[in-house]
Amino acid sequence: MIFIVLSCMPLFRGYRCYKQRILLYTVCSFFDHTWSLATLQHRDGVGPEPLNVTHQHSHASFFSPLLQGLLKYLLPLAVVYFAEYFINQGLFELLYFKEGPLTHPEQYRWYQMLYQAGVFLSRSSASCIRIRHIWVLAVLQCLNMVFLLVAVYFMFLPSIYLTFVLIVYEGLLGGASYVNTFHCVSAESQPEHREFAMGVACVADTLGISLSGAVAIPVHNYFCRLS
C-alpha cells in the first residue's frame, strides 16, 4: 500500500496539498504496518488459529487479560504521540519569529533537528532512567501541546531560543514514553505472549500519529486563514 501512496504523491502538488499528503501517508502507513504484521504472523505460524466454537472460550480468556494489561501503557503512548505530532505537523510552520537571526525555512529545519535530538537522547536513556507511569508523560506532552497552541494564537513567546528549549523538551517526552512503554510491555509480558504484546504496542504510536495528522490539517488551515 505504501508504494501506491508514493506513486500517487506527484498528483498532490503545491502548498495547499502539503498537509493532505501527510495525512495520506500516515494513514496508509498505519494500515500497511498492521497488514505487514498480520502477514508475517500468518506466514511464520505465530498468529492465532482461526476462531471456532471449540477455541472460542480459550481465545477470549487469552486476549482479555492480556489486552487489559497493555492498555495502561498503550493509551498513554498514543496520547503522547498524538500531542507530539500535532505540534510537529500543525504548529512548527506557524512558530515563526520575523525578528530572529534565521529565515523561516531555517527555523523549521532547526525545529526538526532539535526535536530529533531530544528523541535520541531520551530513547538512549532507558538503561539509566526507568519510568513506569507513562500517563505522566502523556499529561506533560498534552500541556506542552496546549501551551504551544496558545503561543501560536497569541504570538507571545519573546525569543526563538525559548521555542528551541520547548521543542527539545517535546522530543524528550516523546522518546521517553516510547522506550519506557516497550520496556514495561516486554518486562511484564510472559515469554509466550511477549511477541504479540510488542506487536500490539507498535500500533499505538502509529494510531496517535495518524489521528494527529487528521486534526492538524484543519487547525493549521485555520491559523493560515487568520494571517
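The model described here is predicted. Two salt bridges are present in the structure, and they join Lys72, Arg132 and Glu188 in a network. A nonpolar patch on the surface has about 770 Å² of accessible area.

**Helix α4**

- Helix α4 comprises 20 residues and spans 29 Å from its first C-alpha to its last, close to the 28 Å expected at 1.5 Å a residue.
- Its buried residues are Gln107, Tyr111, Leu114, Tyr115, Gly118, Val119 and Ser122.
- Viewed down the axis of α4, these buried residues fall within an arc of 140°, and therefore they line one face of the helix.
- An α-helix has 3.6 residues a turn, so residues three or four places apart point the same way.

**Salt-bridge network**

- Side chains of opposite charge can pair when their charged atoms come close.
- Lys72 forms a salt bridge with Glu188, and the closest N and O atoms of the two are 3.6 Å apart.
- This pair links distant parts of the chain, since Lys72 belongs to helix α3 (residues 56-91) and Glu188 to helix α6 (residues 160-188), 116 residues apart.
- Glu188 also forms a salt bridge with Arg132, with 2.9 Å between the closest N and O atoms.
- Glu188 takes part in the bridge to Lys72 and in the bridge to Arg132.

**Exposure of the network residues**

- Lys72 is partly exposed, because its relative accessible area is 48%, and exposed requires over 50%.
- Glu188 is likewise partly exposed, at a relative accessible area of 38%.
- Arg132 counts as exposed because its relative accessibility is 51%, which is over the 50% cut-off.

**Nonpolar surface patch**

- The patch is formed by Val146, Phe147, Val150, Tyr153, Phe154, Phe156, Tyr222 and Leu226, and the area of about 770 Å² is that of these residues together.
- The elements that give two or more residues to the patch are α5 and α7 (194-226).
- Helix α5 gives the most, with five residues.
- Leu226, one of the patch residues, lies in helix α7.

Definitions and conventions. Residues numbered from 1 in each chain as written. Predicted model: local features only at pLDDT ≥ 70, side-chain atom pairs only at ≥ 80, totals over all residues. Heavy atoms only, no water. Salt bridge = Lys/Arg side-chain N within 4 Å of Asp/Glu carboxyl O. Helix = DSSP H or I, 4+ residues; strand = E, 2+ residues; numbered from the N terminus. Buried < 20%, exposed > 50% of the residue type's maximum accessible area, 1.4 Å probe, protein only. Expected span 1.5 Å × (residues − 1). Arc of directions from axis to C-beta. Patch = residues over 30% accessible without salt bridge, like charges linked within 9 Å, V, L, I, M, F, W, Y side chains within 5 Å. Areas by Shrake-Rupley, 256 points an atom, 1.4 Å probe, with all protein chains shown as cover.
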